[in-house]
Amino acid sequence: EAQVTQNPRYLITVTGKKLTVTCSQNMNHEYMSWYRQDPGLGLRQIYYSMNVEVTDKGDVPEGYKVSRKEKRNFPLILESPSPNQTSLYFCASSLIWPGSEAFFGQGTRLTVV
Amino acid sequence: DAKTTQPNSMESNEEEPVHLPCNHSTISGTDYIHWYRQLPSQGPEYVIHGLTSNVNNRMASLAIAEDRKSSTLILHRATLRDAAVYYCILRDDLIFGNEKLTFGTGTRLTIIP
């Protein structure tokens with residue numbers, strides 16, 4: 001079954017404690033990205049990757065890092081989380097092709113206290 | 001990418017057709033029209049996309065105005081499982097690697113049993 005898997009689904013952490021949210025896809029997609037969803041602001045792109053070792057900033061990259069060492073994995077790293085990073089995070093993947101369908105993960109609800 | 005305008009909310013009776021409108025008067029010639037939906041507590045899900053011609057798939061139909069300044073997503077027989085926020089998104093798919101989806105506020109569809 002084609003899917004994007006995120007872990008963990010829920011996470012409560014304290015300010016400054018480094019964390020990683022994992023994302024894995026099984027569709028051999030070149031393109032992967034991270035979004036955050038906040039009430040009233042909708043979904044906004046954080047970072048994206050067009051292939052292995054190729055990553056770039058989205059609209060709201062501050063406070064986040066990513067890496068793409070393997071095609072299937074695209075972890076999101078918060079080196080020093082702050083309360084304003086409390087949000088719902090989604091990973092997505094797709095082919096790089098006109099009209100390509102994006103597949104989203106189930107989401108990670110992160111709370112930073 | 002050009003902007004879209006959707007009603008904030010709509011209601012429909014179960015087992016009846018639903019027509020979800022989207023205005024995109026500043027659409028460019030290479031913008032594809034994408035529709036995604038987000039069910040409660042889930043990640044966004046692809047519904048359908050089109051460029052100029054009307055499109056049908058197992059989930060829905062997409063009717064595109066002749067001047068492409070508006071489109072309508074049609075759910076032929078709404079069920080309770082179709083209750084979701086529906087997003088109409090324009091994206092220039094002919095720019096290589098431009099896979100970012102710019103989500104607006106969407107239309108919250110409520111299905112009445």
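This report covers the salt bridges and the nonpolar cores of a predicted model.

## Salt bridges in chain A

Over all chains, the whole structure holds nine salt bridges. One of them joins the side chains of A:Glu79 and A:Lys65, with 2.9 Å from N to O. This pair ties together distant parts of the chain, 14 residues apart. A:Lys65 belongs to strand S7 (residues 65–66) of chain A, while A:Glu79 sits in the loop between strand S8 (76–78) and strand S9 (87–94). A:Glu79 counts as partly exposed because its relative accessibility is 36%. A:Lys65 is also classed as partly exposed, at 42% relative accessibility.

Chain A also has a network of salt bridges, which links A:Arg36, A:Asp38 and A:Arg44.

## Salt bridges in chain B

In chain B, B:Arg37 and B:Glu45 form a salt bridge whose closest N and O atoms are 2.9 Å apart.

Another salt bridge is made by the side chains of B:Arg91 and B:Asp93, at 2.7 Å from N to O. B:Arg91 has a relative accessible area of 1%, so it is buried. B:Asp93 has a relative accessible area of 5% and is therefore buried.

## The largest nonpolar core

Which residues have the most contacts inside the largest nonpolar core? They are B:Leu20, B:Ile33, B:Trp35, B:Leu73, B:Leu75, B:Tyr86 and B:Leu109, in a core of 21 residues. Several strands of chain B supply at least two residues each, among them strand S2 (18–23), strand S3 (31–38), strand S7 (70–75) and strand S9 (107–112). Strand S4 (45–50), strand S6 (61–64) and strand S8 (84–92) of chain B likewise each supply at least two. The most comes from S8(B), which gives four residues to this core.

B:Leu20 shows what surrounds one of these core residues. Leaving aside residues up to four places away in sequence, B:Leu20 touches B:Met10, B:Trp35, B:Ser71, B:Thr72, B:Leu73, B:Tyr86, B:Thr107 and B:Leu109. Of these partners, B:Trp35, B:Leu73, B:Tyr86 and B:Leu109 are also listed among the residues with the most contacts inside the core.

Technical notes: Residues are numbered from 1 along each chain as its sequence is written. Chains are lettered from A and ligands numbered from 1 in the order in which they are written. This is a predicted model: local features need pLDDT of at least 70, side-chain atom pairs count only at pLDDT 80 or more; totals for chains, interfaces and linings use all residues. Side-chain values use heavy atoms; hydrogens and water are left out. A salt bridge is a side-chain nitrogen of Lys or Arg within 4 Å of a carboxyl oxygen of Asp or Glu. Buried means under 20% relative accessible area, exposed over 50%, partly exposed in between (1.4 Å probe, protein chains only). A nonpolar core is a set of buried Ala, Val, Leu, Ile, Met, Phe, Trp, Tyr and Cys residues joined through side-chain atoms within 4.5 Å. Contact means heavy atoms within 4.5 Å.
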